[in-house]
Amino acid sequence: MAQLRQEVDPGEVGLDPEALDRLDRHFAHQVEEGRLPGYLVAVSRGGRVAHLTTYGHRDLAAGLPVESDTLYRIYSMTKPVTTVAALLLMEEGRLSLDDPVARHLPAFADPQVYVDGSGDGMRTRPADGPILIRHLLTHTAGLTFAFYHSHPVDALYRAAGLESSVPSGADLAQTIDVYASLPLQFEPGTEWNYSVATNVLGRVIEVVSGQPLDVFLAERIFGPLGMTDAGFCVPVDQAGRLAELYGETGDGGIEPIAGLPLRGRPRFLSGSGGMVASAYDVHRFTELLRRRGELDGTRLLSADTVDLMTSNQLPGGVDMRTFGSRPAHDEPGNEGVGFGLGVSVVIDPARTKASTGLGMYGWSGVATTTFWVDPSRDLSVQFLTQVRPRSSHALYQDLKRLVHEAAAH
């Protein structure tokens, strides 16, 4: 077990201590108002942690405080980790961005694309081309999520028992076969739609490597990077470090809700959202990306590969809002933000209407966890708590604004 620690005073790396105090007061107020149970925030410059705050509780009922070694369900922040795993296989020549997914998962050999209608009256047609690995990495495969309620194909996902992206009792291989049996929302490569694609990528990694996803990640990423607590389950003797998961109530408060079943190895290994990690683990992974594939003498990826991952891959250099016509993704937060391989990438800071830098990349999780790297300011930031919101909120925008104020003086 390793703990994240502050390594340098903010002023030594050009950060404004008073602005960082404002950041802490802002989020402490969210805790005092009952909107967050507690949180951890870390701001690093040049790879050195210059600001680290823990506040509030990881478990309100038990009165347990947030500590620097608290464990969090990071949900979709799993996706960039799974992406790095796929890129490792690509650098070894065992996988290619332009491989048809069906080469590794034959169930995807005959993808059908939605035409019109719904339910039993839905019409589909054969796809013009195959789903490629790059489509999985960029969420342009035509896959979706059951919970969107914005397209007839979403309804088919719900009918197939995919409300939580996995049929009850299924493992990863069985789940992928269910995905493959359903129509695509659109022709692969023609739109952006955030989806179950990274679960499919996780299964590709298993097939190509010959190892279960959790074993491959542990041997090839977590071990080499010293991510000592990262994984898909929490050991019994460490269970007390896991933060309780909360959901927002209708009146703006929070209440405990069920989360990922992390006691014991899960049957379904989700490369999309199954990981648990500490702030130290997130920092180590973020540093790998910031340093373009190398950390403390261990090189996992070439600098060119990380540059590819963290640059916009959407056709024509457009942003997610422009390239996605799904109602669920017509969000202002997607304006000015493109998508690389497994991470979002700021391509036009002015259009984001937020405090962002050109080339800033990262990703978030549904329980209000986030990380980003801002190369233009040599900043990396993480924020960890455990609240599943009822809808999108301003927390991330506030965090970006307050960090920007600290870095701008």
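The following legends describe close-up views of a predicted model. In this predicted model, local features need pLDDT of at least 70 and side-chain atom pairs count only at pLDDT 80 or more, while totals for chains, interfaces and linings use all residues. Residues are numbered from 1 along each chain as its sequence is written, and side-chain values use heavy atoms, with hydrogens and water left out.

**View 1**
The structure holds five cavities of 30 Å³ or more. A cavity is a set of points on a 1 Å grid over the protein atoms alone where a 1.4 Å probe fits but cannot get out, and its lining residues have an atom within 4 Å of a point. Grid points are joined across faces, edges and corners, and a volume is the space filled by probe spheres set on the points. The largest cavity holds about 80 Å³ of space. Its lining is made up of Ile74, Met77, Val81, Met227, Met275, Ala277, Asp281, Val282, Phe285, Thr286 and Phe371. Helix α8 (residues 279-290) gives the most to this lining, with four residues. Helices (H or I, at least four residues) and strands (E, at least two) are DSSP runs, numbered from the N terminus. By residue class, the lining has nine nonpolar, one polar and one charged member. Here Ala, Val, Leu, Ile, Met, Phe, Trp, Tyr, Cys and Pro count as nonpolar, Asp, Glu, Lys and Arg as charged, and the others, Gly among them, as polar.

**View 1. The second largest cavity.**
About 60 Å³ of space lies in this cavity. Ser355, Thr356, Met360, Trp372, Asp374, Arg377, Leu379, Lys400, Val403 and His404 line the second largest cavity. Strand β15 (369-374) and helix α12 (395-407) each supply at least two of the lining residues, and the largest share, three residues, comes from α12. Four nonpolar, three polar and three charged residues make up the lining of the second largest cavity.

**View 2. Strand β14 and its partners.**
Four of the five residues of strand β14 (residues 361-365) are buried, where buried means under 20% relative accessible area, exposed over 50% and partly exposed in between (1.4 Å probe, protein chains only). Strand β13 (residues 344-346) pairs with β14 in the antiparallel sense over two bridges; two strands pair if DSSP finds at least two bridges between them. Val345 stands opposite Tyr361 in β14. Five bridges join β14 to β15, and these two strands run antiparallel. Gly365 faces Thr369 of β15 across the pairing, and Gly362 has Trp372 of β15 as its bridge partner. The hairpin of β14 and β15 has three residues between the strands, and Thr368 in the turn has a positive phi of about 65°.

In β15, six of six residues are buried. Both faces of the strand are covered, with Thr369, Phe371 and Val373 on one side and Thr370, Trp372 and Asp374 on the other. Five bridges join β15 to strand β16 (residues 379-384) in the antiparallel sense. Among the residues of this pairing, Asp374 has Leu379 in β16 as its bridge partner. Four residues lie between the strands of the hairpin, where Asp378 takes a positive phi near 55°.

**View 3. The open sheet of β8, β7 and β17.**
This open sheet has three strands in the order β8-β7-β17, with mixed pairing. Strands β8 (254-256) and β17 (387-388) stand at the edges with a single partner strand each, so one side of each is left without a neighbour in the sheet. Strand β7 (residues 246-248) runs parallel to β17, and two bridges join them. Tyr246 has Val387 in β17 as its bridge partner.

**View 4. Aromatic side chains.**
A search of the whole structure finds 13 aromatic pairs. The ring centres of Phe147 and Tyr148 lie 5.1 Å apart and their planes stand at 75°, so the pair is edge-to-face. Rings of Phe, Tyr and Trp (its six-membered ring) pair if their centres lie within 6.5 Å, with planes under 30 degrees apart counted as stacked, over 60 as edge-to-face and the rest as tilted. Phe147 is partly exposed, at a relative accessible area of 47%, whereas Tyr148 counts as buried at 15%. Ring pairs link Phe145, Phe147, Tyr148, Trp192, Tyr194, Phe339 and Trp363 into a cluster.

Key: 1 Å grid on protein atoms, 1.4 Å probe; cavity = no way out; pocket = protein on both sides within 12 Å on 5 of 7 lines; lining within 4 Å.
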